[in-house]
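Colleague: Before I use your labels, I would like to hear how each one was reached.

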Amino acid sequence: AEAFRLGALNSITGAGGAYGPGMLEAIQIAVAEVNAAGGAAGRQFELFAEDDQTKPDAAVLAVKKLVEINRVEAVVGIWPSSVQLATLPITNAANVPSFNVCGAPELETLDDKDLVFQFYASNKVIGAVFAEVAKKRGFKNPAVLAYNNATMVAQAENFRSTWEAGGGEVADFIVYEPNQTSYRTELDRALSKNPDILVLSSYTPDVTIILKEWYQSGYDCKLISPGWSITQAVADALGPEVSAQATTISNVPASSTEAYKAFHEAFVARTGRQPEMFATAAYDMVIVLALAIELAGASAKGTEISAKIRNVTNAPGNKVSTFAEGLAALKRGEEIDYEGASSPLEFGEAGQTTPAFGIFGFEDNKLALQEVMTLKS
Amino acid sequence: MSLLTLSGVAGGYGDVDIVTGINMHVDAREIVTIAGTNGAGKSTLIKAVMGYLPRLSGRIEFDGHDLRSLSTEKRAGIGISYVPQVRNIFSTLTVLENLQVVEKVADSRKRIAEMFDMFPALASRRRTQAGNLSGGERQQLAFARALMSSPRLILLDEPSAALSPALTELVFAEVRKLPATGAAVLMVEQRARQALAFSDRGYILDSGKIVLTDTGSALLANEKMAELYLGSKPVEPVQAS
Amino acid sequence: MEFYLIAISISVLIYMLMASGLSLQYGFTGLVNFGYVGFFAIGAYTSGLLSLQGVPLPVSFLAAMLLAGALAYPLGIITLRLGGDYLAIITLGFSETVRILLMKEDWLTRGVHGVPGLPRVFDDWAGVSSGDLTLLLLLLVVNIAVFALIAYLVRSPFGRIIASIRDNEVAVRALGKNPAAFKTRSLMLGSALAGLAGAFQAHYVTFIAPEQFVPLITFYVWIAIIVGGPNRILGIVVGTIILLTFLEGSRFMRDFVGGVSEVQLASVRFFIIGMALICTILYRPNGLFPDKFSKGK
Amino acid sequence: MSLLSVKNLSARFGAFTAFDGVDIELAKGSLTGLIGTNGAGKSTLFSAITGYITPSSGEVKFDGHDMLPLSIEKRVEKGLSRTFQVPREFSRLSVFQNLMAAPPNQAGESLAKLFITPGRVRRQEAELAERADSMLQFLNLARVADTPAGSLSGGQKKLLELGRLLMLEPSCIMLDEPFAGVNPVLVEELSQRIVELNQRGITLLIIEHDLASLSRLVPRLYAMDRGRIIAEGKPSEVLADPRVREAYMGGVI
Amino acid sequence: MDWINITNAAINGIVLGLLLALPALAVTLVFGIARFPHAAVGDYMTFGAYTAILVQSFMSASLVAAALIASAATAFLSLFFYAWVFRSLSQRSPVSSLIASIGVAFAVRSVITFFAGQSQYVIEAPLVRAWNFSGVRILPTDLYVAATAVLALAAVFFMLHFTAFGRRMRAVADNPELAAASGIRVREVMITLSVIVGAFCGLGGMLMGFKAVVLPELGWELILPIFASVILGGIGSPVGAVCGMILFGISQEIASLYVGASYKLVLAFVVLLLVLLIRPQGMFGKIIAVR
Ligand SMILES: Nc1ncnc2c1ncn2[C@@H]1O[C@H](COP(=O)(O)OP(=O)(O)OP(=O)(O)O)[C@@H](O)[C@H]1O
Ligand SMILES: Nc1ncnc2c1ncn2[C@@H]1O[C@H](COP(=O)(O)OP(=O)(O)OP(=O)(O)O)[C@@H](O)[C@H]1O
Ligand SMILES: [Mg+2]
Ligand SMILES: [Mg+2]
């Protein structure tokens with residue numbers, strides 16, 4: 001059969017540059033896996049990649065090129081909400097499914113054709129989990145530092161609302177401008193309120209500086225951040241004294257699923273680096289898409305494919321954790337439930353995921369899963 | 001042999017030649033004046049000697065050196081100094097610094113003292129930013145700066161412009177003394193009658209070409225030419241009463 | 001394919017509109033406005049937010065132009081008394097201020113979340129793809145009208161005065177004309193054009209967020225007019241096309257270059273843009289279409 | 001009746017006094033010269049009168065108005081204008097356009113009028129072009145009419161500076177060394193032109209070091225030295241004044 | 001806000017200001033002498049920071065070695081671009097050089113990302129805790145950083161104001177043609193200038209990387225405050241650039257205590273605008289008379 005033309009729209013450069021390249025590599029790994037298994041509904045995947053520069057206007061042109069020139073039938077790998085929001089009218093008009101890791105709640109209302117799927121927990125959920133974890137661990141006086149962009153601010157705000165709804169009080173709430181060389185003044189301000197935990201809604205570069213400055217200040221408290229920000233690399237750079245205080249949260253139940261183990265191995269083999277969460281989610285996008293195509297049939301287009309996504313990911317069904325497994329099961333006519341590398345992947349009404357979260361800490365400066373948490377949404 | 005020789009020089013700033021077919025020379029210890037209408041190409045000619053013209057053909061020799069192969073600073077280094085017509089001082093430097101900045105001066109301090117003796121107005125303003133000087137003061141400074149390095153050839157582009165009669169006299173008197181110190185002078189003057197009176201030779205330039213050359217006194221004597229290029233004989237403004 | 005070309009052309013024309021305004025300010029008046037994107041942003045948000053309130057697009061476009069133009073007024077009054085280099089930095093500060101305001105005042109702008117779902121210009125009666133074609137035609141007409149306007153202006157006595165200001169402001173004052181008044185007008189006109197371009201951008205992309213209005217956009221417009229020649233209309237046209245060719249054309253490089261990662265490819269693109277800039281400046285001193293009077297030595 | 005009246009005007013830069021207690025009266029329609037040693041403060045005085053610097057004390061009245069609070073442009077509008085000792089041309093405009101830029105109240109300078117009354121703008125342009133052309137002829141600049149003014153020679157720039165001011169047609173013109181660097185033949189023609197202007201009722205004040213030309217031109221002279229007016233009167237009287245001879249001519253003549 | 005917070009913010013502002021004073025001084029020298037705003041200084045800094053990383057990973061972990069080699073390599077880079085690009089642009093409008101310098105900035109940054117990628121690096125140095133004087137915290141490393149910057153600045157000041165070379169530099173800045181006619185080797189001055197620019201940016205970048213993290217956009221992001229301070233201080237005035245940068249640093253940091261972190265840039269600009277309205281030539285700029 002004819003090859004299935006797949007578009008990867010990644011933030012290779014710009015603010016997303018820390019994550020986009022890894023996501024693309026994950027996509028390539030997944031494509032190879034699908035093709036090795038004989039393709040989806042007999043169709044091999046042909047990949048067309050574009051850089052959205054983490055900018056909605058550049059993304060519009062990029063996605064036009066993907067859709068008009070490369071004639072792709074699905075777009076995966078979108079990182080920032082801004083890009084998904086700007087490209088959504090184009091992909092929806094062209095009946096092209098698009099998969100992202102954004103957390104913007106607007107997506108749930110703007111997507112009128114059910115073509116958009118979020119492979120990462122929405123900001124709302126992550127913020128709430130932060131609050132949940134902080135409460136569970138007995139903290140009383142959190143201070144929040146948030147990177148000024150849509151995702152991080154939303155996350156921080158959701159932390160605050162959940163925390164306050166639980167009767168707590170937030171010592172300080174600071175939204176900082178990114179790309180600074182020092183956050184000391186912001187940090188000093190937060191620390192002057194004597195918080196017992198710092199909630200960091202941030203990315204790797206700024207969190208590295210903040211942690212450095214936090215340590216240097218000599219102030220004693222715990223830290224909590226999303227998994228994509230305090231990474232193993234950050235711990236390596238700053239050492240155990242810093243990392244021992246940190247808790248991170250992400251929806252990778254790491255080591256726990258087969259899918260993750262396999263993906264992790266393939267990623268390390270290919271790149272020599274550890275995959276981070278978004279790359280893991282990007283990998284799942286391709287696998288899920290391929291399974292849905294398999295189910296929908298070789299000639300299925302856009303909405304016909306997206307309509308099958310919940311069938312292959314949501315319970316009930318036989319749990320599968322690789323494409324080949326799923327393919328075989330579908331060929332046998334079984335119902336399946338793909339347990340992804342990034343999360344169990346259960347898509348809700350609006351295409352959002354409600355994952356399980358892994359709570360991680362650093363033991364001897366090595367990232368280690370401490371507990372798994374599920375949240376009823 | 002002449003100190004400075006221009007043969008078949010033509011050149012300009014853009015596509016058209018501003019000066020053409022220039023043959024001219026300055027001997028050692030000679031004072032030569034160039035006169036001519038505005039826009040004739042006098043300054044252009046001097047700039048050619050100093051190496052500022054973007055386009056140039058012909059030969060320019062100074063003391064056996066082929067000048068065209070030398071950069072401006074090298075030209076300064078072999079003993080040519082220059083007072084431009086405009087922008088002739090460093091306006092953000094002080095008066096003193098304007099003099100100090102000249103390279104290759106044997107005893108800079110002594111020389112500066114001599115200059116300040118020559119132009120007392122400058123001495124009293126030595127710490128002033130040169131850009132704040134009056135028109136005439138600038139002109140004095142520019143002249144002094146050019147004398148700093150005890151050059152062998154000094155190019156003066158309208159040194160008397162903006163000077164009071166007294167200072168014009170002073171500057172011209174200094175110019176007259178230069179040959180005795182071993183320097184030759186090539187100057188452009190609009191006060192040509194005054195200048196030619198003490199020049200060894202003169203050139204008259206029109207539309208980029210030399211139209212006449214002769215000794216200073218002969219040029220002044222050539223009534224027709226003088227009327228055309230030098231203006232009518234000045235009536236002495238003041239008859240001593 | 002043709003729809004991609006239409007999309008590219010729309011981008012070109014939006015940038016061209018901006019380039020026209022900037023060339024009015026810089027090429028013809030000598031105002032170094034490094035905060036140009038601020039006016040672009042004001043236009044985009046004005047029209048975008050108004051349209052969401054149900055204001056018809058022609059009105060919101062007009063409002064975008066007027067507001068962008070009007071906001072240039074106080075900026076002009078304050079800064080035009082200062083010299084050229086100062087204007088550059090103050091305008092840069094202005095555009096950053098605008099961006100931060102858009103980011104922080106979420107009651108009005110939804111802050112960093114951006115404003116999604118803006119109406120398209122011709123959606124109502126033309127559908128998405130033919131709507132784009134119609135938009136393209138409209139932009140073409142607008143650009144031609146702007147060129148005509150600029151051509152008329154710069155040949156007029158007004159154009160003469162702004163050119164004089166570019167050359168020597170003190171002398172203009174000596175003629176009894178107030179340079180600040182003329183500069184303010186030029187600033188306002190150019191900014192209004194940026195506002196118009198912003199409105200087009202907003203309703204074309206249908207989503208606006210503060211991060212779209214970073215100083216890099218200003219630099220892009222500068223590059224366009226410098227590469228083309230800042231005071232020739234042909235220069236504006238060609239400069240913009242070249243800019244977008246480099247920005248967009250390099251996407252197709254991937255189809256020819258193998259063996260490098262995506263990050264490296266993005267670097268190569270960026271490298272080519274940088275080199276192209278250096279080389280045009282070095283080897284085409286006054287842009288491809290120089291002003292007839294500026295002689296590059 | 002005096003048109004320009006300067007009373008007790010002084011200017012200081014830090015500890016340095018550029019001029020001090022200067023009084024100048026120009027009658028309407030008069031033609032006056034201002035001479036003085038280099039650095040006497042003549043150009044600075046011009047700057048103070050026309051608004052480029054703020055004097056430290058004193059009074060400047062023009063046509064009955066107090067000038068000191070007014071901006072440069074406002075003073076020009078009232079009819080008071082000057083040339084610069086160092087020419088300030090519009091370097092990238094052609095010589096012709098330099099002249100065209102000067103006249104006041106051009107309809108085409110207003111954006112509104114450009115679009116509402118294009119016809120009037122065009123007519124005015126044609127008139128001005130004619131005046132500019134004859135000015136170019138007069139200044140010997142017709143040959144370079146279309147070259148950018150920045151590439152004129154030093155003397156040509158001075159002429160252009162003068163020409164631009166003449167196009168402006170103010171009621172009082174202050175010229176700062178209009179003859180410096182100008183070919184003597186042309187100086188005579190310029191003098192002629194200045195007399196004509198004066199006969200048309202324009203008041204002129206001229207700084208000049210070319211005493212021969214100046215004293216033939218003006219009926220009245222001021223002389224300055226070290227920031228003060230040291231003499232005034234008929235040229236022959238002023239130039240005969242021992243203080244002037246001492247300060248200005250160093251007894252050379 | 002109590003005084004401890006304010007003092008801490010001020011200290012932070014001073015350290016940042018001193019650090020950025022290095023590139024700011026480079027900018028103001030280029031502005032004053034070569035007459036254009038050099039937009040590539042930011043990326044020269046980035047280059048310096050990456051060189052330091054390279055030194056640390058392949059040669060020696062010593063910070064001093066990293067700093068020296070980073071300055072030297074960046075000086076070389078700056079010299080290269082002078083020889084290739086800016087030398088031939090010296091006769092042209094400043095905007096040409098400005099745009100070319102943006103091109104240089106892009107080129108440098110893209111070469112860095114080509115080899116180093118988009119992810120961050122950290123200059124390795126042991127983390128130390130601050131000295132705490134009842135709440136006022138001073139970091140030993142900040143002291144080193146500040147001292148290095150002060151030393152480098154002092155060296156240039158000495159050179160500019162007390163040596164013939166400085167006078168030559170200012171003469172070239174003022175009027176290159178006349179400088180040549182006075183026998184000054186303009187080329188030599190420009191080469192030295194390029195070396196200083198490069199060395200300062202390289203050192204500044206390395207120190208910045210040491211304080212923060214090393215990313216491809218490290219220097220580019222700093223261009224705005226650097227330029228603002230140069231103008232605040234008075235274009236072309238070295239003292240002005242340094243004071244401007246420190247003032248800018250302090251006002252930004254203290255402002256963020258009051259108006260919220262996002263608005264601190266805005267506030268810094270308001271300060272800039274106010275200074276300019278009172279002193280249109282900048283704090284240390286000079287006006288030259290109209291004649
Ligand atoms: N801004 C200033 N700062 C310091 N000194 C100044 C300033 N402006 C002028 N001066 C000084 O004031 C004095 C008078 O200058 P001015 O230009 O008025 O002289 P002038 O009479 O026009 O001389 P000239 O005939 O040489 O042009 C000069 O000594 C000059 O150095
Ligand atoms: N930088 C320049 N670029 C282009 N053309 C120039 C330049 N400088 C001078 N010219 C042209 O060259 C011609 C001669 O100029 P030049 O300065 O040599 O005249 P000059 O004889 O010195 O006149 P003046 O007595 O007025 O100083 C003029 O017509 C002028 O237009
Ligand atoms: Mg000349
Ligand atoms: Mg004077």
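This is a predicted model: local features need pLDDT of at least 70, side-chain atom pairs count only at pLDDT 80 or more; totals for chains, interfaces and linings use all residues.

Modeller: Residues are numbered from 1 along each chain as its sequence is written, chains are lettered from A and ligands numbered from 1 in the order in which they are written, and side-chain values use heavy atoms, with hydrogens and water left out.

Colleague: What makes D142(E) a buried residue?

Modeller: Buried means under 20% relative accessible area, exposed over 50%, and partly exposed in between (1.4 Å probe, protein chains only). D142(E) has 4% relative accessibility, so D142(E) is called buried. D142(E) sits in helix 5 (residues 140-162) of chain E.

Colleague: Which residues does D142(E) touch, leaving out those up to four places away in sequence?

Modeller: They are R184(A), V15(E) and K211(E), a contact being heavy atoms within 4.5 Å.

Colleague: Why is the pair R137(E) and D188(A) called a salt bridge?

Modeller: The rule asks for a side-chain nitrogen of Lys or Arg within 4 Å of a carboxyl oxygen of Asp or Glu. The closest N and O atoms of R137(E) and D188(A) are 2.5 Å apart, and the pair is a salt bridge. It runs between chains, from strand 2 (residues 136-138) of chain E to helix 7 (residues 184-191) of chain A. Helices (H or I, at least four residues) and strands (E, at least two) are DSSP runs, numbered from the N terminus. Both R137(E) and D188(A) are buried. A network of salt bridges links R184(A), D188(A), R137(E), D142(E) and K211(E). Over all chains the count is 50 salt bridges.

Colleague: Why can E30(B) and R201(B) be said to tie together separate parts of chain B?

Modeller: Their side chains meet in a salt bridge at 2.7 Å, N to O. E30(B) lies in the loop between strand 2 (19-26) and strand 3 (31-36) of chain B, and R201(B) in strand 9 (residues 201-206), so the pair ties together parts that are 171 residues apart in sequence. E30(B) and R201(B) are both buried.

Colleague: How far apart along helix 7 of chain B are K177(B) and E174(B), and how is each classed for burial?

Modeller: They are three residues apart in helix 7 (residues 165-177) of chain B, so about one helical turn separates them. K177(B), at 48% relative accessibility, counts as partly exposed, whereas E174(B), at 13%, counts as buried.

Colleague: What makes up the interface of chain C and chain E?

Modeller: Of the eight pairs of chains that touch, chains C and E have the most contacts. The contact joins 42 residues of chain C to 45 residues of chain E. The buried area is about 3800 Å², of which carbon and sulfur atoms give 80%. Buried area here is the accessible area (1.4 Å probe) that two parts lose on being put together, summed over both. Y86(C), I89(C) and I278(C) supply 16% of the area that chain C buries against chain E, more than any other three residues. Between these chains there are zero salt bridges.

Colleague: And which chain C elements give two or more residues to that side?

Modeller: They are helix 3 (57-79), helix 4 (84-104), helix 11 (215-228) and helix 13 (262-283) of chain C. Helix 13 gives the most, with 15 residues.

Colleague: How does the interface of chain E and chain B read by the same rules?

Modeller: Chain E gives 22 residues and chain B gives 27. The buried area is about 2200 Å², with 51% from carbon and sulfur atoms. The salt bridge rule finds two pairs across this interface. R170(E) and E97(B) form a salt bridge at 2.8 Å, N to O.

Colleague: How do you know that chain A and chain B do not touch?

Modeller: No contact joins them, and their closest C-alpha atoms lie 36 Å apart. Chain A and chain D do not touch either, with nearest C-alpha atoms 35 Å apart.
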